[in-house]
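Morning, everyone. Let me put one model on the screen and walk you through it.

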Amino acid sequence: MDCGEGVQRRFLAESIGLGSDMTILVTHLHGDHVTGLLGLLQTMSLAQRHKPLNIVGPAKLLRWLEVTSDLLHIGLTFPIRFCPAKPGTVLRTAGFRVRAARAVHSIEAFAYVVEEHSRPGVFHPDRARALGVPEGRLWSKLQKGRAVTVEGRRVEPSEVTGPVRPGRKVGYSGDTRPSQRLVRFFSGCDLLIFDSTFKGGDEEKARERKHSTSLEAAELAKKAAVRMLALTHFSARYIRTGVLVREARRVFPNTVAAADGKRLEVGYPSE
Ligand SMILES: [Zn+2]
Ligand SMILES: [Zn+2]
């Protein structure tokens with residue numbers, strides 16, 4: 001999500017393979033969100049990446065990539081699948097889909113939600129046996145959510161599996177003011193990563209520069225009933241982010257400060 005100039009150092013530090021399946025989501029065309037992208041693509045080519053790379057972002061992002069790679073004679077060893085951001089679903093892969101909504105910033109900007117596909121319910125072999133379904137092909141059909149017929153009787157997947165297990169949902173605001181639309185858009189996220197450029201009390205500055213305060217992020221997280229909030233995009237004026245987190249926790253207790261390399265466990269909604 002976004003590609004600042006430090007991105008390649010993070011790839012190295014976290015041992016993320018340059019050839020792995022990957023989708024890059026870019027929220028808007030401010031330098032701190034895109035300047036790392038070109039260098040990353042170049043390094044991927046040096047590493048002989050061949051797999052296509054998904055990039056989602058404002059339509060102008062593709063123009064910037066085309067113009068700069070042309071001027072700098074950068075040839076890529078892999079195809080880019082570019083998905084222009086617009087409100088609604090912008091990308092579907094085997095594992096998840098990405099939806100976009102308009103953010104409220106000084107230039108065109110998008111927020112994203114990444115949603116895992118739901119998984120079929122847990123399969124109960126004892127129930128299948130009790131209904132006389134022989135192990136093998138028919139079991140696998142039922143596990144995939146399809147009904148089968150055994151000696152003239154139809155067996156529904158719901159008879160032998162638990163309830164469908166919803167996938168996890170992660171939201172990312174990019175740079176934005178809070179808005180009602182974003183409350184709806186992020187509703188029920190298991191993790192929400194939200195703009196927290198300023199601390200509460202600096203609302204005036206936040207309004208002026210089209211960012212949010214930690215307090216506003218917490219209020220939005222509460223309204224959207226998310227499970228966990230990670231504050232990010234802190235202004236350089238705050239050497240320590242503890243004050244922003246403490247303030248946010250008074251409104252939304254399950255708040256953490258995002259930091260380079262920080263790992264958060266995101267549980268499944270039904271767990
Ligand atoms: Zn910005
Ligand atoms: Zn920014």
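I will take the metal sites, then a helix pair.

First, the ground rules. This is a predicted model, where local features need pLDDT of at least 70, side-chain atom pairs count only at pLDDT 80 or more, and totals for chains, interfaces and linings use all residues. Residues are numbered from 1 along each chain as its sequence is written, chains are lettered from A and ligands numbered from 1 in the order in which they are written, and side-chain values use heavy atoms, with hydrogens and water left out.

Start with the zinc ion (ligand 1). Which protein donors does it have? They are His28 (NE2), His30 (ND1), His105 (NE2) and Asp175 (OD), at 2.2 to 2.3 Å. A donor here is an N, O or S atom within 2.8 Å of the metal (3.2 Å for Na, K and Ca); water is not among the atoms, so sites may look incomplete. Along the chain the spacing reads H-x1-H-x74-H-x69-D. The angles among the four donor atoms run from 88 to 165°, and the site is irregular. For the label: four donors are tetrahedral if all angles lie between 85 and 135 degrees; four are square planar and six octahedral if opposite donors are over 155 degrees apart and all others between 65 and 115; anything else is irregular.

How exposed are these ligands? His28 is buried, at 0% relative accessibility. His30 is partly exposed, at 26%. Buried means under 20% relative accessible area, exposed over 50%, partly exposed in between (1.4 Å probe, protein chains only).

Now the zinc ion (ligand 2). Its protein donors are Asp32 (OD), His33 (NE2), Asp175 (OD) and His233 (NE2), at 2.1 to 2.2 Å. This site is irregular too, with angles of 89 to 168°. Asp175 bridges the two zinc ions, which lie 3.5 Å apart. Asp175 sits in the loop between strand 9 (169–172) and helix 8 (180–185), and His233 in the loop between strand 11 (229–232) and helix 11 (242–251), so the pair ties together parts 58 residues apart in sequence. Helices (H or I, at least four residues) and strands (E, at least two) are DSSP runs, numbered from the N terminus. Asp175 is buried, at 3%. His233 is partly exposed, at 24%.

Last, the helix pair. Helix 3 (residues 37–46) packs on helix 4 (residues 59–71) at about 60°, axes 11 Å apart. Axes are lines fitted to C-alpha atoms, for helices over the stretch in contact, and angles run from 0 to 180 degrees between N-to-C directions. Leu37, Leu38 and Leu41 of helix 3 make the contact with Leu61, Trp64, Leu65 and Thr68 of helix 4, contact being heavy atoms within 4.5 Å.
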